[in-house]
Amino acid sequence: MPALRLVLGDQLSRELAALADTAPDDVILLVEADEETRYVRHHKQKIALILSAMRHFAADLKAAGLCVDYVRLDDPGNTGSFTGEVGRAIARHRPDRLIVTEPGEWRVEQAMRGWEAAFGIPVHIRADTRFFCSRQRFAEWAGGRSQYRMEFFYREMRCETGLLMEQDKPAGGQWNFDAENRKRLPARTRVPALPRFTPDAVTRDVLSLVAQRFADHFGDLEPFGWAVTRAEALRALAHFLRHGLPAFGDYQDAMKSGEPFLFHAVISPYLNCGLLSPREVCEGAVKAYEAGTAPLNAVEGFVRQILGWREYIRGIYWHRMPDYATTNALGAKRDLPWFYWSGETDMNCIAEVVRDTRRHAYAHHIQRLMVTGNFALLAGIEPRQVEEWYLVVYADAYDWVELPNVHGMILFADGGVLASKPYAASGAYIDRMSDYCGRCAYDVKAKAGPKACPFNYLYWNFLIENERALSRNPRMGMPYRTLAAMSEARRREIVADAEAFLRLRASGGPGSARDKPGPRGPRPHRLE
Ligand code: FAD
Ligand code: DLZ
Ligand code: SF4
């Protein structure tokens with residue numbers, strides 16, 4: 001009897017654990033599921049990328065002589081869910097077992113765990129070997145620790161993989177070269193053009209389907225230039241290794257109007273859906289260093305993002321779920337302002353990032369962390385609303401990677417599990433790392449009053465609102481000492497400016513959430 005092997009939309013790899021040892025009469029099932037396209041209202045480009053990549057992947061499997069059962073979104077009888085379609089496929093093929101790979105979401109794994117009882121056949125859930133660090137290995141590392149720190153995890157991963165290691169020493173004698181990174185972008189720097197891929201007939205079909213069915217979702221559908229096959233994703237990677245990587249470290253934190261990609265790789269959607277493997281990406285970067293085409297500060301910085309941050313984030317997700325998603329350590333409860341969807345705000349930095357996001361389903365790390373993320377932290381936006389926004393708007397967003405980045409890294413809603421302190425910053429940081437402030441209605445140097453950059457008073461207001469939770473954090477000592485030296489009048493001025501700004505956003509003023517439907521319908525508003 002054949003085995004039924006399920007491949008999810010973010011598992012499009014021939015090396016997938018569920019596909020190892022496939023026999024000629026086994027059936028490989030791929031399902032376009034309405035539930036997956038709608039559990040949040042994903043950006044249109046994200047849906048198109050996943051569906052087109054799934055269709056291309058299924059065609060490749062068929063061309064290799066494998067037996068594929070592919071259920072399209074508009075096939076008659078499609079029940080719209082993984083569970084419903086696995087049930088129908090079992091009835092069609094009568095397999096003796098179902099083989100799957102660990103999914104990227106706790107929600108989906110819970111469903112999978114019910115399948116053996118529901119369908120009466122053995123269900124084998126195989127570990128996802130696309131990652132460097134298994135869930136079990138991370139659990140061993142995390143052990144009894146109450147706090148985890150990426151840097152120590154990363155060093156162990158370097159030793160275990162041998163990446164950028166010279167015998168048992170880190171290449172260049174240091175683990176981390178960030179002191180050489182994070183420069184301002186000189187005004188006339190030439191930025192390499194990003195490779196874009198012309199949609200073929202399969203992608204054009206998918207684009208029509210998405211335009212029809214998901215017209216009310218966030219984001220522009222076209223121009224659509226994402227890679228949708230492994231061959232295209234490999235070309236995107238080769239382009240980055242040659243043109244982006246050499247300056248990646250230097251300008252990793254820079255932001256520039258009209259240049260959303262700068263020297264970033266723009267490969268996270270491919271890594272996350274299976275078109276590229278983290279191992280080949282890291283090895284490609286290390287080869288560039290060994291060949292002398294990229295400097296060590298760039299290569300180490302890049303490898304750290306993938307071997308360090310990406311693996312660490314996934315480890316925390318699986319180690320701490322489901323409780324991880326439920327905490328709200330700073331008690332943040334304001335509503336997400338409407339300008340996160342519309343981009344209509346006088347704050348030029350936010351307008352730029354939302355515009356990039358709407359056009360490309362992409363913003364780079366510092367835009368996500370220090371602009372939209374920093375604002376959500378300082379303004380005390382309820383974690384669930386911020387998490388939903390990040391899950392909707394980016395082509396690379398899946399729960400396992402979005403949640404710890406938002407809940408832990410930007411909002412500190414986990415109380416310091418992931419990061420040792422909140423990434424809170426005033427407008428000066430954005431001014432130093434971008435050209436946004438020069439074109440803004442607000443004055444980044446002004447600290448108070450209607451023209452002052454909102455990040456400036458929101459920063460101090462955040463420290464005041466969270467004094468009890470944060471003032472004893474050893475890494476927050478300096479700002480709290482500065483706050484303690486402020487006069488009562490200055491503190492009152494900060495609170496008044498912040499309240500006026502936040503009240504306007506919650507009461508129907510420009511950029512408010514009121515009376516605008518969010519992606520899950522009308523929103524409540526609690527801030528008055
Ligand atoms: P580069 O800057 O070129 O970095 C190379 C690779 O490193 C990325 O492709 C990515 O795979 C990995 N990486 C870097 N930082 C992280 C990180 N913090 N977590 C996981 N991987 C990382 N990344 C996602 O893949 N999906 C998300 O849903 C996501 N949500 C985020 C939300 C917030 C609030 C923040 C601050 C970061 C988020 N990130 C997410 C991480 C990071 O912003 C993106 O991976 C990166 O911007 C993707 O662009 P790139 O491929 O050009 O990355
Ligand atoms: C995100 C997504 C979307 C939009 N559509 C599908 C789909 O139709 N079929 C599918 O198999 N996967 C899809 N995905 C990815 C899934 O949501 C993802 O596999 C699970 O969340 C587990 O990570
Ligand atoms: Fe953003 Fe403030 Fe700069 Fe305007 S002045 S772009 S709001 S940081």
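1. His407 lies in helix α17, residues 399–410 (helices are DSSP runs of H or I with at least four residues, numbered from the N terminus). The model is predicted: local features need pLDDT of at least 70 and side-chain atom pairs pLDDT 80 or more, whereas totals for chains, interfaces and linings use all residues. Side-chain values use heavy atoms, without hydrogens and water, residues are numbered from 1 along each chain as its sequence is written, and chains are lettered from A and ligands numbered from 1 in written order.

2. His407 is buried, at 0% relative accessible area (buried means under 20%, with a 1.4 Å probe and protein chains only). Its side chain reaches the backbone oxygen of Tyr324 at 2.9 Å. Leaving aside residues up to four places away in sequence, His407 touches Tyr324, Ala325, Thr327, Pro383, Glu387, Phe412, Ala413 and Asp414 (contact: heavy atoms within 4.5 Å).

3. In α8 (residues 201–213), the buried residues are Thr203, Val206, Leu207, Leu209 and Val210. These cover an arc of only 165° around the axis, and therefore lie on the same side of α8 (the arc is that of the directions from the helix axis to the C-beta atoms). Their cover includes α2 (44–63).

4. In helix α4 (residues 106–113), Val108, Glu109 and Met112 are buried. They span an arc of only 100° around the axis, which puts them on the same side of α4.

5. The residues around ligand 3 include Met347, Cys349, Gly427 and Phe455 (a residue counts when one of its heavy atoms lies within 4 Å).

Technical notes. Helix = DSSP H or I, 4+ residues; strand = E, 2+ residues; numbered from the N terminus. Expected span 1.5 Å × (residues − 1). Buried < 20%, exposed > 50% of the residue type's maximum accessible area, 1.4 Å probe, protein only. Polar contact = N/O pair within 3.5 Å; in protein donor to acceptor, adjacent residues only side chain to side chain.
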